[in-house]
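I opened my notebook for a quick tour of this structure. Here is what I looked up, entry by entry.

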Amino acid sequence: MSENILEVRGLLKYFESSGGVIGRKRQTIKAVGGVDISVGIGETVGLVGESGCGKTTVGRTILKLYEPTAGSIIFQGQDITKFSNSKMKPLRAQMQIIFQDPYSSLNPRHTVGDIVASSFYIHKLTPEGGIKKTVQELLERVGLNPEHINRFPHEFSGGQRQRIGIARAIAIRPKFIVADEPVSALDVSIQAQIVNLLDDLQKEYGLSYLFVAHDLSVVQHISDRVVVMYLGKVMEVAQTQALFQSPHHPYTKALLSAVPIPDPAIERSRERIILNGDLPSPANPPTGCVFNTRCWKAQDKCRSVAPQLLQVGASQVACHFPE
Amino acid sequence: MSHLLEVKNLSVSFPTDDGLVQATDDLSFHLDLGETLAIVGESGCGKSVSSMAIMGLHNPKSTQISGQVLINTVLGRTDVITASSEEVRKLRGGTVSMIFQDPMSALHPYFTVGDQISEAWLLHNDGTKSDARKKTIEMLDLVGIPDAKSRVDSYPHQFSGGMRQRVMIGMALINQPKILIADEPTTALDVTVQSQILMLLKEMQREFNMAVILITHDLGVVAEVADRVNVMYAGRLVEEGGVNEIYRNPVHPYTIGLLASVPRVDQAHGTRLKTIPGQPPSLISLPSGCAFEPRCEFAKYVPGEICKVTRPEVELKLIDHHARCHLTAQEVRSHL
């Protein structure tokens, strides 16, 4: 499809755990087990799931920060799956990432100016008006004082650091940004500021986002389309409105019902689906549907045959017995 | 009748090289048997510091504490601030117990969970090690650890995050406390596990008739479990009232802003989030007037420089509903 900036087909990413000195058995962690995702131009796709579902690995593999085990990644019509680092470099100017932790993702020994300008140095670009002026404009754009260009990261609060990370990501005008839990380390009042900033920047620069997060309320706020993952597999894909109003996959349903709503009257009258147990280990995922160990609708078929992602109503659902 | 717990004018501050950090300032509240009080606020608002004061956990050498923390039990009244460390130790883990955000760092990795829970029981009860083990297995069973008889000999790393939090809850409840302080008990957990743990806490509260202080930044969790809510900002209590009151008729501008800035799953997609401009003040150099004034959208309705200069006191604004603001409830709500 030409209107998609990103097209991922059958993405597989396995990690080998090391043997260790005491001779522990080598294990294969199946972090991502065959994922299809597409992101349209100017679109925000939310990628949600609980910890260990592989959402971060998907984001990083798309940017080729990890080598994919199998599958294909097509970025702006180009198959980049097998691209070497040197071939990736010019493309990296088009694709950027914003990290979750605003503390560990900024080099404490570099000034804010150097951090934000790093892409200019790496790609040997000189923006119009010079690097310093551009960096100051960027700082101002993300809501920081341009006079603070010579300060170090420790002089800023968590929310301000996240703004620095955003300024760095948009500095060379990328087309596509993977935002990996960009607001989950922030307080609510600051979180809202950053969500709105990401919204504004998208409109201004025509950005496409892959928004990776575990917080469904933030995802529903910012995304056009949502992909729900569980244990390395896609469970459901739908337009945001459709997904939140009529979830078809039992897991999506349970996940939505678990999100607390800040209203005591609604909260106390809700039917809540409580899932039993925990996420199984990705080293040894259940056979058949990966969700079958916690699903209240699971039958023999679910334990033997892995469901395909099929059209159900307006959504795509991987379930033998969709709601 | 006196309350189970009364905190009166509690101030905790830490002297540092950069100056005095005023972590909580003139904090007063109370707690009754069987109720759940939520303390809400953002990082650095003093919610954890005040709960540590209730547990008597502050190091007196590096902390300045004033005020009273009164715990009333059948055995009499104790002021945790002035009591001897021996007396406080008897309360801690007995009458008052606590669970923490991160169960992995709160459990000792070298000992089995059974040993750790038994130790807590033996500290407060006369009995043999095998009595303690029996109690521990009962407790693990109660908090929903499957196959408790064999899991009692497992180490913390052999449990998942949710199961570890169940172990923590079991350890906190082994001496049937009257007050349980839960400091961000579900923040490190996934939502589906969070609902399991919140349900368990509610069941345990009923089972032991405990009062629970729930410390959290998650307004959704508060709406689900709290009876009363304290909202804190920059070390001060800014609003206090019943949970329905706080969510339906918030009267402090900070609470209003906080509630409006939370994205909700039941909200229409694509609406713009309301924000509170700016960021919380440094606790070293708090404004002399209202701590929220620099970010407050309502300060302009107060004549003159009152908000900048004079610190508001906690006043009754509506029925059973207090706030620290120079405006009346009617004035605030007329400008919404």
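This is a predicted model: local features need pLDDT of at least 70, side-chain atom pairs count only at pLDDT 80 or more; totals for chains, interfaces and linings use all residues.

**Entry 1: helix α5 of chain A.** I began with the length of helix α5 (residues 158-170) of chain A. At 1.5 Å a residue, its 13 residues should span 18 Å, and I found the end C-alpha atoms 19 Å apart, which agrees.

Next I asked myself: is α5(A) mostly covered or mostly open? The helix is mostly covered, with 12 of its 13 residues buried. Among the buried ones I noted A:R161, A:R163 and A:R168, along with A:I164, A:I166 and A:I170.

**Entry 2: a sheet in chain B.** Here I traced an open sheet of 8 strands with mixed pairing, running β6-β7-β8-β3-β9-β10-β12-β11. β6 (96-99) and β11 (314-318) of chain B stand at the edges with a single partner strand each, so one side of each has no neighbour in the sheet. The twist averages 20° from one strand to the next.

For B:V40, I found B:T216 as the bridge partner in β8(B).

**Entry 3: β1 of chain A.** Which strands did I find paired with β1 (residues 4-17) of chain A? One is β2 (residues 27-40) of chain A, antiparallel over 11 bridges, where A:L11 has A:V35 as its bridge partner. Another is β4 (residues 70-75) of chain A, also antiparallel, over 5 bridges; there A:E7 is bridged to A:I74.

Conventions
Residues are numbered from 1 along each chain as its sequence is written. Chains are lettered from A and ligands numbered from 1 in the order in which they are written. Helices (H or I, at least four residues) and strands (E, at least two) are DSSP runs, numbered from the N terminus. The expected span of a helix is 1.5 Å times one less than its number of residues. A residue is buried if 20 or more other C-beta atoms lie within 10 Å of its own, exposed if 12 or fewer, and partly exposed in between; C-beta atoms are placed from the backbone. Two strands pair if DSSP finds at least two bridges between them. Axes are lines fitted to C-alpha atoms, for helices over the stretch in contact, and angles run from 0 to 180 degrees between N-to-C directions.
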